[in-house]
Amino acid sequence: MGKRSTGRKLAMQALYQAEIRQLPIDDVIHLFLEESPYLEDTREWAIELARQTWQTRAESDEIIQKYSIGWDLERLNIIDKSLLRLAIYEIRYMDTPLSVVLNEIIEISKRYSTDDSPKFINGILGNYAKDECSQASPKN
């Protein structure tokens with residue numbers, strides 16, 4: 001698994017821990033990521049992704065709420081919510097190709113979440129990308 005793939009997985013785990021333990025993200029990063037056995041580049045990428053995603057979670061949560069029709073944000077599986085926040089942050093603020101973000105997040109959900117999660121996450125991110133990303137891109 002590459003640096004970014006592993007970093008996404010670690011960032012998701014940090015976001016999950018921050019949410020479940022109700023701790024500041026920097027506390028979780030200190031406890032969970034800074035001393036992890038991963039390569040320094042991977043840890044740095046995961047830390048940056050987790051911090052930035054956490055800082056923009058209110059904005060991401062509005063998007064998640066908009067596209068998760070019929071689901072209250074509090075009812076969402078915390079792993080799914082963490083993955084959706086990560087994906088939305090990366091789509092909005094990083095130059096990672098959309099297809100890479102979608103594929104990686106779906107793969108992580110297959111491994112760490114419920115059987116229904118990949119379809120649910122794909123539906124939300126697919127609709128979000130169709131509405132928001134295609135308008136900003138001349139690739140249509």
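In this predicted model, helix α4 (residues 57–67) packs against helix α5 (residues 78–93) at an angle of about 105 degrees, and their axes lie 9 Å apart. Because angles of 65 to 115 degrees count as roughly perpendicular, α4 is roughly perpendicular to α5. On the α4 side, the contact involves R57, E59, S60, D61, I63 and I64, which meet K81, L84, R85, I88, Y89, R92 and Y93 of α5. Sorted by class, the residues of this contact comprise 6 nonpolar, 1 polar and 6 charged.

Two further helix pairs can be described in the same terms. Two packed helices are described by the angle between their axes and the distance between the axes. The table gives these values for each pair.

| Helix pair | Angle | Distance between axes |
|---|---|---|
| α4 and α5 | about 105 degrees | 9 Å |
| α1 and α6 | about 55 degrees | 10 Å |
| α2 and α3 | about 160 degrees | 10 Å |

**Helices α1 and α6**

Helix α1 covers residues 3–21 and helix α6 covers residues 98–112; they pack at an angle of about 55 degrees. That angle makes α1 oblique to α6. Their crossing is right-handed. From α1, the residues S5, R8, K9, M12 and Q13 take part in the contact, while α6 contributes V100, E104, I105, I108 and Y112. The classes represented in the contact of α1 with α6 are 5 nonpolar, 2 polar and 3 charged residues.

**Helices α2 and α3**

Helix α2 (residues 25–33) and helix α3 (residues 40–55) pack at about 160 degrees. An angle over 145 degrees counts as roughly antiparallel, and α2 and α3 are therefore roughly antiparallel to each other. The crossing in which α2 passes α3 is right-handed. Here I25, D26, I29 and L33 of α2 make contact with R43, A46, I47, A50, R51 and W54 of α3. This contact of α2 with α3 holds 7 nonpolar residues, no polar residues and 3 charged residues.

**Aromatic rings and charges**

Which ring does the charged end of R4 sit over? The ring is that of W45, and the charged end of R4 is 4.0 Å from its centre. For R75, the charged end sits over the ring of W71, at 4.3 Å from the ring centre. As for pairs of aromatic rings, a search of the whole structure finds 3.

How values were computed
Residues numbered from 1 in each chain as written. Predicted model: local features only at pLDDT ≥ 70, side-chain atom pairs only at ≥ 80, totals over all residues. Heavy atoms only, no water. Phe/Tyr/Trp six-rings, centres within 6.5 Å; stacked < 30°, edge-to-face > 60°. Lys NZ or Arg CZ within 6 Å of the ring centre and 35° of its normal. Axes fitted to C-alpha atoms, helices over the stretch in contact; angles between N-to-C directions. Helix = DSSP H or I, 4+ residues; strand = E, 2+ residues; numbered from the N terminus. Parallel < 35°, antiparallel > 145°, perpendicular 65-115°, else oblique. Left-handed = near helix turned anticlockwise from the far one by under 90°. Contact = heavy atoms within 4.5 Å. Nonpolar A, V, L, I, M, F, W, Y, C, P; charged D, E, K, R; others polar.
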